[in-house]
Structure formats: structure tokens, C-alpha cells
Amino acid sequence: EDDRDRKFGLRILPYAEYGFNVGRIVPFVTATLGYRMDYERYVSDYEEGTEAYAKDVLHLFVMGAGGGAHFFLFEQLSFDATLMVYGDFGAMEEEIGNEDLEANTDYKWRAFELTLLVGLSGWI
């Protein structure tokens, strides 16, 4: 059996951030509005000519808010921790088929996400 799975995701999430400058630790609040797209195609037995496949495409409007803190290690380098809450709204298209049959289904999509982001930031 020779299977193949392909995935692609795109996120466009511009955000605004307001920091409360209290020294080497800068707490902040943030908000974002944007777009998310996920694509997945799974093919089974594609070399034998009897391939069966499933394809999912997800398009979402994303909005979120959160807060966190920048911990400045140096004047131009900070360690960051952010807790975000997202609401995702949109639709998913699912297609399943093989050489004899094809079926399409559309779903409405609503999701709630809670994300912890950690990282480093460079400051000019």
C-alpha cells in the first residue's frame, strides 16, 4: 500500500498590541483579525491505479484577543509569552472519491482556540 498525504496551511493575522512600559517587564494586551486556510489531500494506493482520495479545504475568518508580557533580556531582545483566545468562523469543503464514486459535502465551521505563544523578539 502506497499512501500520500499533502497538507498546506496559510494564516494572515495582522495584530495590534498595546504595552504598559513598567521597566524590564512590559505587560501588553493584543487583538487580531484575519484569515485562515487549511488544505489537506490524502491519496491511498495511488501507484496501483485504484486510488481513493479525500480532500478537505477550510476557509475561516479569525478574530482573537489576549495578553502577555515581554521580558527584556537586553534593551533590544525580549523573551515573550502570550495567551490568546481565538474564535474561528467559516466553512469546510470535503471531497471523497475513487474511480467509481465521488461525494462532496460542505460544513459550517465554528471553533474556539486557546493558544500559548512563547518566543523571542528583536527591537529596533
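Hello everyone, let me begin with one side chain: Phe72 is buried, with a relative accessible area of 18%. Buried here means under 20% relative accessible area, exposed means over 50%, and partly exposed is in between, using a 1.4 Å probe and protein chains only. Please keep in mind that this is a predicted model, where local features need pLDDT of at least 70 and side-chain atom pairs count only at pLDDT 80 or more, while totals for chains, interfaces and linings use all residues. Residues are numbered from 1 along each chain as its sequence is written, and side-chain values use heavy atoms, with hydrogens and water left out.

On to the rings. How many aromatic pairs does the structure hold? There are three. Rings of Phe, Tyr and Trp (its six-membered ring) pair if their centres lie within 6.5 Å; planes under 30 degrees apart are stacked, over 60 edge-to-face, and the rest tilted. One of the pairs is Phe71 with Phe79, which is tilted, at 6.4 Å centre to centre and 35° between the planes. Phe71 is partly exposed at 32% relative accessible area, and Phe79 is also partly exposed, at 36%.

Our opening residue has a partner too: the ring centres of Phe72 and Trp123 are 5.5 Å apart and their planes meet at 45°, so this pair is tilted. It links distant parts of the chain, with Phe72 in strand β4 (residues 52-74) and Trp123 in the segment after β6 (102-122), 51 residues apart. Trp123 is partly exposed, with a relative accessible area of 34%.

Now the overall fold. The protein has zero helices and six strands; both are DSSP runs numbered from the N terminus, helices being H or I with at least four residues and strands E with at least two. Two strands pair if DSSP finds at least two bridges between them. Strand β1 (residues 3-12) pairs with strand β3 (residues 25-44) in the antiparallel sense over 10 bridges, and Arg4 stands opposite Val43 in β3. Strand β2 (residues 15-19) is antiparallel to β3 as well, over five bridges, with Tyr15 opposite Thr32. β2 and β3 form a hairpin with five residues between them, and Gly23 in the turn has a positive phi of about 120°.

β3 is also joined to β4 by 20 bridges, again antiparallel. Arg41 has Lys55 in β4 as its bridge partner. What does the charged end of Arg41 sit over? The ring of Tyr53, 4.6 Å from its centre. For that label, NZ of Lys or CZ of Arg must be within 6 Å of the ring centre and within 35 degrees of the ring normal.

Strand β5 (residues 77-97) and β6 pair antiparallel over 21 bridges, and Asp80 has Gly119 in β6 as its bridge partner. β6 is hardly covered: zero of its 21 residues count as buried.

Finally, the whole chain. Of its 124 residues, 24% count as buried. The radius of gyration is 21 Å, whereas a compact globule of 124 residues would be near 14 Å; this is taken over C-alpha atoms, and the globule rule is 2.2 Å times the number of residues to the power 0.38. The C-alpha trace spans about 65 × 30 × 20 Å along its principal axes.
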